[in-house]
Amino acid sequence: MKILVGVKRVVDYAVKVRVGANGVELKNVKMSMNPFCEIATEAAVRLKENKAANVSEVVAVSVGPKQCQDTLRTALAMGCDRAIHVKTDLRGDYMELQSDSVAKIFQKIVEEKEQNTDLVLLGKQSIDSDCGQVGPMLAGFLNYPQATFAANIDLDGDGLKVERETDSGTETIKIPSLPAVITCDLRLNEPRYATLPNIMKAKKKKIDTIDANDLGVDLTAKNKVLEVYEPPPRKEGIVVEDVDELIAKLKNEAGLLQ
Amino acid sequence: MISKSLRQNRFQFQKTFRLFSTLQSPTEQDFQELVKRAPSSLVVNHWEELEKYNKDWTGNYSGKSRIVCRPNSTKEVSSILEYCNERKIGVVPQAGNTGVVGGSIPIGDEVILSIEKLNQIHSFDGINGIVQCDAGVVLQTLQEKVAAWDALVPIDLGAKGTCMIGGNIATNAGGQYYYRFGSIHSNIIGLEVVLADGTILDLMSTNRKDNTGYDLKHLFVGSEGTLGVVTKVALNCPRLPSSRNVAFLACDSFQSVCETLAKAKEHLGEVLAAFEFMDKAVLDQVATEKRIPLLNDNGENYDFYVLVETQGSNEDHDMQKLELFLESTMESSQAVDGILAQDMKQVLDIWEIRESCNPIIKSKGYNYKYDISLPLDCYYDIANVMRDRLSKFPTVEVVNWGHVIDGNLHLNIIDKGEFKVREEVKELIEPFVFEYTISKKGSISAEHGLGQCKNEYLGKYAKDAATVAVMKNLKQSFDPNGILNPSKFLPSL
């Protein structure tokens with residue numbers, strides 16, 4: 001089985017983002033691998049470690065500026081074998097590069113550069129654009145079966161059995177045969193830390209760079225972002241001194257009691 | 001020949017005797033007057049209702065105060081102290097009540113003066129990097145507020161969600177970034193203090209350099225509320241680093257830990273911010289509740305762990321230095337394994353492990369806690385010495401962690417399953433630990449202070465007679481009636 005994993009470089013999830021004139025401020029802000037992409041990478045590496053899955057190699061792919069190489073090194077340190085960097089300076093947080101272009105880029109990679117890919121693993125969504133669209137769109141363009149929001153992936157004969165998390169419960173989907181696209185959700189696994197020996201080894205692993213413009217994909221944004229603003233600040237809560245004051249406030253200020 | 005327990009009782013008796021020989025117990029009229037002067041005060045008839053203020057989190061200390069004054073302003077603090085000084089009533093200043101030496105717990109029925117309502121942040125000067133705020137601001141709140149201005153508070157401790165900056169100052173709190181930012185002494189720019197007689201001493205300033213007279217504010221830093229009550233603070237706040245990285249390393253000997261430390265200083269230079277150590281014994285306990293992300297080939301904890309943090313203004317630059325350092329320690333096997341956090345969540349998760357040491361071992365049994373400074377060449381020897389001494393007690397474990405870069409060890413002895421002191425265990429520990437520490441020219445209280453736990457040891461295990469005499473003169477000069485935190489900090493004899 002040959003696996004392709006998509007990893008996106010985004011603003012670190014722990015950073016408090018600020019909105020500037022041009023959308024979210026990215027200057028001097030800590031960037032890291034998208035948490036769902038970390039989970040997808042972990043899923044790929046675990047499949048590789050599972051002898052029964054017979055994985056020949058895991059290839060990590062990232063679309064973005066030259067610093068994406070850091071994100072790819074993390075994927076390599078977690079256990080991917082080699083990486084592809086699709087280079088573009090377009091902003092990936094929906095402001096410039098959008099889901100359909102990214103899905104088409106991945107389509108080109110699968111069809112022209114990495115033929116015989118059996119499984120594409122992606123995070124269910126990125127935490128900057130929050131679209132969740134690349135997985136389903138890619139499956140559509142490639143005409144592959146898809147299972148999204150995977151909370152569990154098991155080998156099942158020639159295919160895979162995926163448990164999906166939905167709002168109304170767990171749905172089990174059987175993918176009878178590969179290739180397929182799966183997007184990964186939070187409860188699928190807990191990603192491993194990158195160990196120092198593996199970080200050293202990762203330095204020697206190959207990263208191929210392709211210019212996004214050379215792929216023959218339309219990179220223009222089809223949707224226009226009209227405005228980006230911070231949500232209005234939450235009003236501070238107050239501490240009341242005793243039950244009487246609480247009742248008075250509920251009655252007179254909040255209008256919740258008769 | 002006086003037996004040990006009798007000797008301890010004699011200290012206790014003398015403490016109480018001294019307390020009540022010069023000070024008055026507050027009366028009903030006193031309560032009424034104090035409430036008039038600070039209307040937010042709590043007076044109760046049964047001390048169970050004031051338990052939160054009368055007890056500390058270690059469970060080792062509890063007082064019998066029947067009033068907690070909660071002044072809203074410096075004026076109210078002054079008014080309360082003026083009254084208590086006239087009436088010769090003992091006052092125990094209290095901030096977050098997170099100390100470990102009972103420094104803010106009354107011994108008898110002294111009045112508790114809580115600064116919790118002095119909680120306003122007044123201003124932040126971004127160009128100078130100085131914040132001005134009230135003493136009762138919770139440390140974490142202050143950290144979050146100054147972060148919005150791209151700055152950080154130069155101290156950080158596990159208790160940040162509860163402790164208050166005024167308490168941190170009164171105890172000269174140390175914490176994990178002491179090496180990088182220096183002590184509170186290095187960062188205090190100004191202070192407002194109320195003295196025992198109610199005099200408001202305005203030492204607030206925003207001048208970093210001011211050589212005009214004795215620098216009095218430094219007397220109050222670390223004075224544990226015995227010279228005055230801190231009400232306002234002006235603190236240096238360095239710029240928030242845009243680059244913060246953490247590596248978690250495993251070493252197979254303490255010697256390797258020291259060599260790794262030397263390498264860290266050599267390669268990381270000015271971006272080295274913290275270097276903490278934990279031994280297998282403490283992480284075995286932490287592992288019962290948290291996942292340890294670095295295990296050996298047998299799936300067990302390594303013998304020693306080190307947490308290294310860098311902070312800087314340029315991610316690429318810091319990463320380059322960090323990679324050089326990590327390669328160097330791995331190549332010479334000073335570190336036998338390690339992980340590097342790839343995002344902030346991993347940074348915080350690794351710190352979680354270090355910060356969980358204290359609360360998790362507290363839940364396992366009675367803790368005999370020691371916070372000592374030792375030279376690095378014998379820093380870990382005491383752990384093994386104590387293990388030998390206590391080997392006949394199968395439930396007793398010696399666990400260790402600490403700010404090794406500062407030579408500060410948190411030696412903790414857990415009596416698993418027991419939740420109170422066992423004299424037969426304690427007598428093998430004290431005074432041996434103190435005597436061992438001073439034989440190595442260390443300090444018996446690196447950062448936790450003296451409070452009511454170690455004050456009697458000041459003369460015997462810490463400072464010479466001449467020094468203690470000067471300290472007592474100072475106390476006499478600032479607080480002639482001895483109302484501030486009586487029977488604490490200084491020895492009674």
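User: What makes strand β9 and strand β10 of chain A a pair, and in which sense do they run?

Analyst: This is a predicted model, in which local features need pLDDT of at least 70, side-chain atom pairs count only at pLDDT 80 or more, and totals for chains, interfaces and linings use all residues. Residues are numbered from 1 along each chain as its sequence is written, chains are lettered from A and ligands numbered from 1 in the order in which they are written, and side-chain values use heavy atoms, with hydrogens and water left out. Two strands pair if DSSP finds at least two bridges between them. β9(A) (residues 146–156) and β10(A) (residues 159–166) have 6 bridges, so they pair, in the antiparallel sense. A:Leu155 stands opposite A:Leu160 in β10(A).

User: How many residues lie between β9(A) and β10(A) in the hairpin?

Analyst: The hairpin has 2 residues between the strands. A:Gly157, in the turn, has a positive phi of about 65 degrees.

User: How do you know which strand β10(A) pairs with over 7 bridges?

Analyst: The partner is β11(A), residues 169–175, again in the antiparallel sense. A:Arg164 has A:Glu171 as its bridge partner in β11(A). Here too a hairpin forms, with 2 residues between the strands.

User: What makes up the contact between chain A and chain B?

Analyst: Contact means heavy atoms within 4.5 Å. Chain A gives 21 residues and chain B gives 28 residues. Buried area is the accessible area (1.4 Å probe) that two parts lose on being put together, summed over both. Here that is about 2100 Å², with 52% of it on carbon and sulfur atoms. A:Lys30, A:Tyr193 and A:Leu196 supply 36% of the area that chain A buries against chain B, more than any other three residues.

User: How do you know that β13(A) pairs with a strand of chain B?

Analyst: β13(A) and β13(B), residues 337–340, share 2 bridges. The rule asks for at least two, so they pair. Their sense is antiparallel. A:Thr195 stands opposite B:Ile339.

Terms used:
Helices (H or I, at least four residues) and strands (E, at least two) are DSSP runs, numbered from the N terminus.
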